[in-house]
Amino acid sequence: MDQLALDVAHMFAGGLVLVSFMLLYQDRMSGIVNIFALHALVVSLSVAWQAYIQLAPHLYITATIALVVKAIVIPVALHRIIVRLGIHRTIEPVVGVGLTMLAGIGLVALSIMVMLPITAEAGTLAREDLAFALSVILLGLLMMISRRNAVSQVIGFMSIENGLILAATGAKGMPLVVEISVAFSILIALIVIGIFLFRIRERFDSVDIHLLHEHRGEQP
Amino acid sequence: MAVALDAVVQLGQLLLVLALAPLLTGYVRRVKARLLRRQGPPLIQPYRDLYRLLRKEVVLAHTASWVFRVAPYLIFATTWVAAALVPTFASGLVFSYAADMIAIVALLGSARFMLALAALDVGTSFGGIGSSREMMIASLAEPAMLMVVFTLSLLAGSTQLSSIAAFMQGPGIGLRVSLALALVGLIMVAIAENARIPVDNPTTHLELTMVHEAMILEYSGRHLALIEAASHLKLLLYLSVVACVFVPLGIAASGQGPTAYLAALAVYVAKLAAGGFLLAVFETAIAKMRVFRVSDFLGAALMLGFLATLLLFVSRVA
């Protein structure tokens, strides 16, 4: 039973890393939003499983918040935003999917090599979760720096938050109030970012953030 | 006595893969035709094609050297040996010490090398296009295949297919995300290696898209028959590897009686039928991708293999 519980937790966490790679690979706008919904779904499943094996009922609330807010509300809102921006059918010019993937593999290897030695005293479950969570966070950062479209950068940002939740639930005893406030701050961030997207588009007729660099006088 | 029975079964396996391979290809073609609401050729059509080709005379180009004439025999021989080494319905046979996954990858790699060489030999432009594309695919598919092999052998502690199959049947497996990644990676490699639809179309003769067909364009007669038989064998081989490693149910171990072997044979044929059906459904549902997208597709397979190995190290600590 114990081994099986560990295996299932491992499978969800590994699945989250895999979905992060799918986010990096995807180049269609609506595809990215759908995969982000899958990302949040895997996080909420993982958190619910942690609640079950740690006998911590308040984590079920965390899982529900993740499911409702990040797997349903935010993807629906993002779908509306990209439809209103008129970019829901565009294919984003991603430079070097292969190179990005290789960099991602390197980041996963790095986070495993960093996390496993320094958490030698922690339980196996926490160690695995921390290693995977660090990979998800680094992959989200990689997504933010490798994309030019503002919407995919927003999604990279939100996938970082999913990685943080994975790390926080692996370590026992995160207060519920922290999780609720994080969830609301993410929602508010979405609203602010949404407003900014429309402002950027009004100003430049595009959401390609390289135009911002030119506006600042930098050479892209 | 036991050794003699093992030898007989090994010989039977050698002949079985040769006899079943065209049937599998015919079955996949038939299912695909039925999914498109066509009647489809009869199941034994590949046998008829091979028989007809064997009786036809060989037409050789003036520029063809001995490489062109020798290559089909070598390709057929290496592919046949590789296919016969995979434990199909019985494991732990006489040659199972040689049924090493890395050896099988190497055998297939040499067959591919000879095919590319023969395609370049005549000096037509199609042969050149075909070999260059085949090498592009191979340079990504082989590392991906090797990463999958490494994942499996790190788990099972052996590169021998018999031991891997025995380990997968045992209780120490559990639920592992690495295995799922390795399975998906292996299937993607198998699709690319067998020139199936998202990568190459096995039925096309359109110049701009073909890869495998472009290389064998100059072949005729018994040479063509051997190459066709080798490609049938390769499809059977990959399906058998997937079945043996990931669905190892019902493989008879060495020393069980003839009845166990017969039951295992029936299970094996059922597994092949299921695998061929899934392949046909997948091929019907998906569109062929551009040649230059293939590197992304296989890069994803390579990435899955890497990830499977990496995740294995995390769970090893557990």
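Biologist: How far apart are the end C-alpha atoms of helix H10 (residues 258-285) of chain B?

Modeller: Keep in mind that this is a predicted model, where local features need pLDDT of at least 70, side-chain atom pairs count only at pLDDT 80 or more, and totals for chains, interfaces and linings use all residues. Helices here are DSSP runs (H or I, at least four residues; strands are E, at least two), numbered from the N terminus. The expected span is 1.5 Å times one less than the number of residues. For the 28 residues of H10(B) that should give 40 Å, and this agrees with the end-to-end value, 41 Å.

Biologist: Which helices do the buried residues of H10(B) pack against?

Modeller: A residue counts as buried if 20 or more other C-beta atoms, placed from the backbone, lie within 10 Å of its own, as exposed if 12 or fewer do, and as partly exposed in between. In H10(B) the buried ones include B:Ala264, B:Tyr268, B:Leu272 and B:Gly276. Contact means C-beta atoms within 7 Å, and the partners of these buried residues are helix H1 (2-35) and H9 of chain B.

Biologist: And helix H4 (residues 101-121) of chain B: what covers its buried residues?

Modeller: With 21 residues, H4(B) should span 30 Å, and its end C-alpha atoms agree with that at 30 Å apart. Its buried residues include B:Met101, B:Leu108, B:Arg112 and B:Asp121. The cover includes helix H3 (66-85), helix H5 (125-156), helix H6 (161-169), helix H8 (212-215) and H9 of chain B.

Biologist: B:Arg37 is not a glycine, yet has a positive phi; is B:Arg37 buried or exposed?

Modeller: Its phi is about 65 degrees, and its place is in the loop between H1 and helix H2 (45-55) of chain B. B:Arg37 has 7 other C-beta atoms within 10 Å, so the label is exposed.

Biologist: B:Ala195 has a positive phi too; is B:Ala195 buried or exposed?

Modeller: Here phi is about 55 degrees, again in a residue that is not a glycine. You'll find B:Ala195 in the loop between helix H7 (177-193) and H8 of chain B. With 21 other C-beta atoms within 10 Å, B:Ala195 is buried.

Biologist: Which helix gives the largest share of the side of chain A that touches chain B?

Modeller: In all, 24 residues of chain A are in contact with 19 residues of chain B. Elements giving two or more residues to that side of chain A are helix H1 (2-25), helix H4 (97-118) and helix H5 (124-146). The largest share is twelve residues, from H1(A).

Biologist: How do H1(A) and H5(A) lie relative to each other?

Modeller: They pack at an angle of about 5 degrees, with axes 9 Å apart; axes are lines fitted to C-alpha atoms over the stretch in contact, and angles run from 0 to 180 degrees between N-to-C directions. Under 35 degrees counts as roughly parallel, over 145 as roughly antiparallel, 65 to 115 as roughly perpendicular and the rest as oblique. H1(A) and H5(A) are therefore roughly parallel.

Biologist: What about helix H3 (residues 58-85) and helix H6 (residues 150-170) of chain A: roughly parallel or roughly antiparallel?

Modeller: Their axes are 12 Å apart and meet at an angle of about 175 degrees. Among the residues making the contact are A:Ala66 and A:Ile74 of H3(A) and A:Met158 and A:Ile165 of H6(A). The angle makes H3(A) and H6(A) roughly antiparallel.

Notes
Residues are numbered from 1 along each chain as its sequence is written. Chains are lettered from A and ligands numbered from 1 in the order in which they are written. Two residues are in contact if their C-beta atoms, placed from the backbone, lie within 7 Å.
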